Amino acid sequence: MNNTKKITVLCAEDEVLMALDLESVINDQSDMICLGLVTDITVLIGEMQKLKPDFLILDLHMSGENTSSHISELIRVSTKTNIIIFSGSADQIEIDSIIKNGAKRFVIKDGNVDGVILAIRELAG
């Protein structure tokens with residue numbers, strides 16, 4: 001039996017089909033596990049405190065709210081978590097601000113989640 005610790009991932013995405021796709025692709029990786037799906041930023045903070053995942057995949061715009069303003073708080077409640085922003089759009093100034101606030105990567109939504117898996121693998125070493 002392989003005792004290698006799996007990379008834990010929490011997904012915060014309010015588009016149901018994209019969230020389910022993220023969960024499925026992450027769980028299909030032999031070295032990763034999706035701990036859950038969160039669709040509301042206020043619930044996310046509590047889930048981060050409780051689960052302390054290795055990675056958070058964070059939709060930049062959830063329920064009409066720009067989540068970038070919550071990055072510092074998310075890092076505070078789970079300091080070991082690497083945050084990857086997954087969004088359909090952002091300008092370079094916004095991306096620079098997101099990275100400055102502590103997110104590790106910005107991945108553009110392009111119809112699949114391969115970029116998210118690649119970012120997790122790069123950051124996990």
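Visitor: Is C34 buried or exposed?
Guide: This is a predicted model, where local features need pLDDT of at least 70, side-chain atom pairs count only at pLDDT 80 or more, and totals for chains, interfaces and linings use all residues. Residues are numbered from 1 along each chain as its sequence is written, and side-chain values use heavy atoms, without hydrogens and water. Buried means under 20% relative accessible area, exposed over 50%, partly exposed in between (1.4 Å probe, protein chains only). C34 has 9% relative accessibility, so C34 is buried.

Visitor: How many disulfides are there?
Guide: A disulfide is a covalent bond between the sulfur atoms of two cysteines. Here the rule asks for a pair of cysteine sulfur atoms within 2.5 Å. The sulfur of C11 is 3.9 Å from the closest cysteine sulfur, in C34, so that is too far for a bond. The count is zero.

Visitor: Which helix is L17 in?
Guide: Helices (H or I, at least four residues) are DSSP runs, numbered from the N terminus, as are strands (E, at least two). L17 is exposed, at 70% relative accessible area. Its place is in helix α1.

Visitor: Which side chain of opposite charge is nearest to E94?
Guide: Lys and Arg count as positive and Asp and Glu as negative; His and the chain ends are not counted. A salt bridge needs a side-chain nitrogen of Lys or Arg within 4 Å of a carboxyl oxygen of Asp or Glu. E94 is buried and has no salt bridge. The nearest side chain of opposite charge is 12 Å away: K109.
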